[in-house]
Amino acid sequence: CSRRLEVPPPILAYRLPPTQPKEYPPRDVENTMDAHILEQHEIFELLPTHGKVVTLDADLPMKHALAALASHGATCLPVWDSALQRFVDVFSCTDLVDIVLFAHRALAGAGAPPAAGAAAGDAQTALERCHLRDLHGLKRPRPAGFLMASVDDSMLHGALMLKQHALECLPIGDSACSSSLLHLLLPEQLLAFLATLPELRTSHGPLLEEPVGKALLPLCRQPQTVRRDASLLEALGLLSAERLHALPVLDASGALFDVLSSRDVRQLASNPATDLAIPLEEALRSLPPKDSRVQTCALSDTVATAITRLADPEAAQLVCLNDAGAVCAVVTASAVLAALLPSSPPHHG
């Protein structure tokens, strides 16, 4: 069974009302995957043969938490509270966007907008003075307590937890020890597993051949975009305010130019020379080549194609374009899982 450790307020957030399970538009039973395919497999099968879980202490200085995300190429890291002797939270790249803005705005005083041209070095210093436990100004909607699943749970159970609670990752522990964390399960890892199952294609061919525009777009948010001549601060502000994982960047004609994702903030925040007032286009030039970061799909591409592309660890999301090249949506692994999975576990008679 899943484990739910009740803990004090999340260390990076105000105490907020518990989030309700995320609701998705209803889909016909024949248009969702047979849940028994995942129910027959345990989460244990998804654990890497060789691996480690990098853990952050709640009292760790933010500069070290940031370095850990960047150096390990991680999107999420668990947070351990030594006083409570338990895991209490998950620190993610999405949180990092908020933290960078938090530190930047702190230079101008509480609640005041950042001064134009604030020195990058000052912002970096403010960031480095933060501790994970000190950042109570971040308002993150999270489920109450620490959600965790067991290696003995079915993949269906893990997939439904990711879907219903809109989790960026699901901590996986040893069923015999609630303080033992073995893995952080990401939605794209489940997709990668699904892509290897022959029975999925043989029994659900029609579902996999549905076009992205029909099967996935109803489950995606209306796209938010930003112009390439906007400032980095504006782009990060939009990522934070809209709780986005990625933001398509458009050129003057409205065509897709690049993408800024929360993962990119790892590199930007770890560079002491980064000034949030610089043009977004300049900040993007400091990132890896966009050919390796910008992945797209068409409305007519199939669900199977989207699964294959998102199963690639380097593909954090797909920017969906219409026939005219305009951005229609940002498709994530979570959206694909929402399209495939039923809204609740199957009932056994």
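Modeller: Let us begin with a definition: a residue is buried at under 20% relative accessible area, exposed at over 50%, and partly exposed in between, with a 1.4 Å probe and protein chains only. Helices (H or I, at least four residues) and strands (E, at least two) are DSSP runs, numbered from the N terminus. The model is a predicted one, in which local features need pLDDT of at least 70 and side-chain atom pairs count only at pLDDT 80 or more, while totals for chains, interfaces and linings use all residues. Residues are numbered from 1 along each chain as its sequence is written, and side-chain values use heavy atoms, with hydrogens and water left out.

Colleague: What makes strand S9 mostly covered?

Modeller: Strand S9 spans residues 246-250, and five of its five residues are buried. Ala246, Pro248 and Leu250 point one way, Leu247 and Val249 point the other way, and all are buried. In a regular strand the side chains alternate between the two faces of the sheet.

Colleague: How do you know that S8 and S9 are joined, and in which sense do they run?

Modeller: Two strands pair if DSSP finds at least two bridges between them. Two bridges join S8 (residues 226-227) to S9, and the strands run parallel. Val226 has Val249 of S9 as its bridge partner.

Colleague: Which strand is joined to S9 in the antiparallel sense?

Modeller: That is S10 (residues 256-261), joined to S9 by five bridges. Pro248 stands opposite Val259 in S10. S9 and S10 form a hairpin with five residues between them, and Gly254 in the turn has a positive phi of about 90°.

Colleague: Which elements make the β-α-β unit, and what is its handedness?

Modeller: A crossover is right-handed if, with the strands pointing away from the viewer, the path from the first strand over the helix to the second runs clockwise. S8, helix H10 (residues 232-241) and S9 make a right-handed unit of this kind.

Colleague: Why does Arg243 count as partly exposed?

Modeller: Arg243 has a relative accessible area of 29%, and therefore it is partly exposed. Arg243 is found in the loop between H10 and S9. Its phi is positive, about 55°, although Arg243 is not a glycine. Most residues other than glycine have a negative phi, and most peptide bonds are trans.

Colleague: Where does Ala166 lie, and why is it called partly exposed?

Modeller: Ala166 lies in the loop between H5 and strand S6 (170-174). Its relative accessibility is 44%, so Ala166 counts as partly exposed. Ala166 also has a positive phi, about 50°, although it is not a glycine.

Colleague: What makes helix H5 mostly covered?

Modeller: Eight of the ten residues of H5 (residues 155-164) are buried. Among them are Met155, Leu156, Gly158 and Ala159.

Colleague: Why is Pro279 called partly exposed, and what does it touch?

Modeller: Pro279 has 39% relative accessibility and therefore counts as partly exposed. Contact means heavy atoms within 4.5 Å. Leaving aside neighbours within four places in sequence, Pro279 is in contact with Ala230, Ser231 and Leu232. Pro279 lies in the loop between helix H11 (264-270) and helix H12 (280-285). The C-alpha atoms of Pro279 and Arg228 are separated by 7.6 Å, although these residues are 51 apart along the chain.

Colleague: What makes S2 and S4 edge strands?

Modeller: An open sheet of three strands has the order S2-S3-S4, with mixed pairing. Strand S2 (56-57) and strand S4 (86-92) each pair on one side only. S2 and S3 (residues 76-81) pair in the parallel sense over two bridges, and Leu56 has Val79 of S3 as its bridge partner.

Colleague: How many residues has the largest nonpolar core, and which have the most contacts inside it?

Modeller: A nonpolar core is a set of buried Ala, Val, Leu, Ile, Met, Phe, Trp, Tyr and Cys residues joined through side-chain atoms within 4.5 Å. The largest has 50 residues, and Leu191 and Val331 have the most contacts inside it. Helix H15 (residues 333-340) supplies the largest share of this core, seven residues. A second, separate core of 40 residues includes Met62, Val100, Cys130 and Ala269.
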